Amino acid sequence: WPGEPLRRTLQEAAITHLTLPPAALAVMGEPEQLAPMTLIVAGDACPSTLARAWARRHAVFNAYGPSEASVCASIHRVRPDAEGRLPIGTPMANVQIHLLDARLQLVPVGAIGEICIGGAGVARGYFNRPELNRERFVADPFAARGNARLYRSGDLGRWREDGSLEFLGR
């Protein structure tokens, strides 16, 4: 059980900032057992009840981003009193996120689309995987630079009226 050893290490080392997957957060015990810290939850969809319980004592950020886009592409500050689905936030600096339909056209606010990521951190492709590169890394029609790429994540999302992004699965 990684919860107790992790919690003990955080306390003994007086850790103030931590990035971890929701599964690790779920086994760390009660949020009140640790000194207040900044937590970034990433790597998998985080249950809203878990994130909001920890946000009562800690600064909790829900982050999204595949490794093909330099780990984190969007981030959302979790509010303990918020209701509904937990958003994955807004794009981070130097990142563009577009929700596109099957023809790679923008979808309107509220509509479901594929999460496509552009910007400085997008990888150039997979090593020795030309077919997969053609499928996942496409020319970015929204960028000012002619050689910019979009990463087609395969993940689905929708823009909310407040400008934040909801992750809806794969």
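Q: Which residues does Leu 39 touch, not counting residues up to four places away in sequence?

A: Contact means heavy atoms within 4.5 Å. By that rule, Leu 39 touches Leu 18, Leu 20, Leu 25, Trp 54, His 58, Ala 59, Val 60 and Phe 61. This is a predicted model, where local features need pLDDT of at least 70, side-chain atom pairs count only at pLDDT 80 or more, and totals for chains, interfaces and linings use all residues. Residues are numbered from 1 along each chain as its sequence is written, and side-chain values use heavy atoms, with hydrogens and water left out.

Q: How many residues does the largest nonpolar core have, and which have the most contacts inside it?

A: A nonpolar core is a set of buried Ala, Val, Leu, Ile, Met, Phe, Trp, Tyr and Cys residues joined through side-chain atoms within 4.5 Å. Buried means under 20% relative accessible area, exposed over 50%, and partly exposed in between (1.4 Å probe, protein chains only). The largest core here has 18 residues. Leu 20, Leu 25, Met 28, Leu 39, Trp 54 and Val 60 have the most contacts inside it.

Q: Which elements give two or more residues to this core?

A: Helices (H or I, at least four residues) and strands (E, at least two) are DSSP runs, numbered from the N terminus. Strand S1 (17-20), helix H2 (22-26), strand S2 (38-41) and helix H3 (48-55) each give two or more. H3 gives the most, with 4 residues. A second, separate core of 15 residues includes Ala 69, Val 95, Val 107 and Tyr 151.

Q: How many residues of H3 are buried, and what covers them?

A: H3 is mostly covered, with 6 of its 8 residues buried. They are Leu 50, Ala 51, Arg 52, Ala 53, Trp 54 and Ala 55. Their cover includes H2, S2 and S3.

Q: How many aromatic pairs are there in the whole structure?

A: Rings of Phe, Tyr and Trp (its six-membered ring) pair if their centres lie within 6.5 Å; planes under 30 degrees apart count as stacked, over 60 as edge-to-face and the rest as tilted. A search of the whole structure finds 3 pairs. In one of them, the ring centres of Tyr 64 and Phe 167 are 5.9 Å apart and the planes stand at 35°, so this pair is tilted. It links distant parts of the chain: Tyr 64 lies in strand S3 (residues 59-64) and Phe 167 in strand S10 (residues 165-169), 103 residues apart.

Q: Are Tyr 64 and Phe 167 buried or partly exposed?

A: Tyr 64 has 9% relative accessibility, so Tyr 64 counts as buried. Phe 167 is at 22%, so Phe 167 counts as partly exposed.

Q: What is the geometry of the Tyr 126 and Phe 137 pair?

A: Tyr 126 and Phe 137 pair edge-to-face, at 5.2 Å centre to centre and 70° between the planes. Tyr 126 sits in the loop between strand S7 (113-119) and helix H4 (130-136), while Phe 137 is in strand S8 (residues 137-139), 11 residues apart. Tyr 126 is partly exposed because its relative accessibility is 23%. Phe 137 is buried, with a relative accessible area of 2%. Ring pairs link Tyr 126, Phe 137 and Tyr 151 into a cluster.

Q: How many helices and strands does the protein chain have?

A: The chain has 4 helices and 10 strands. From the N terminus on, the order is α-β-α-β-α-β-β-β-β-β-α-β-β-β. Of the 170 residues, 41% count as buried.
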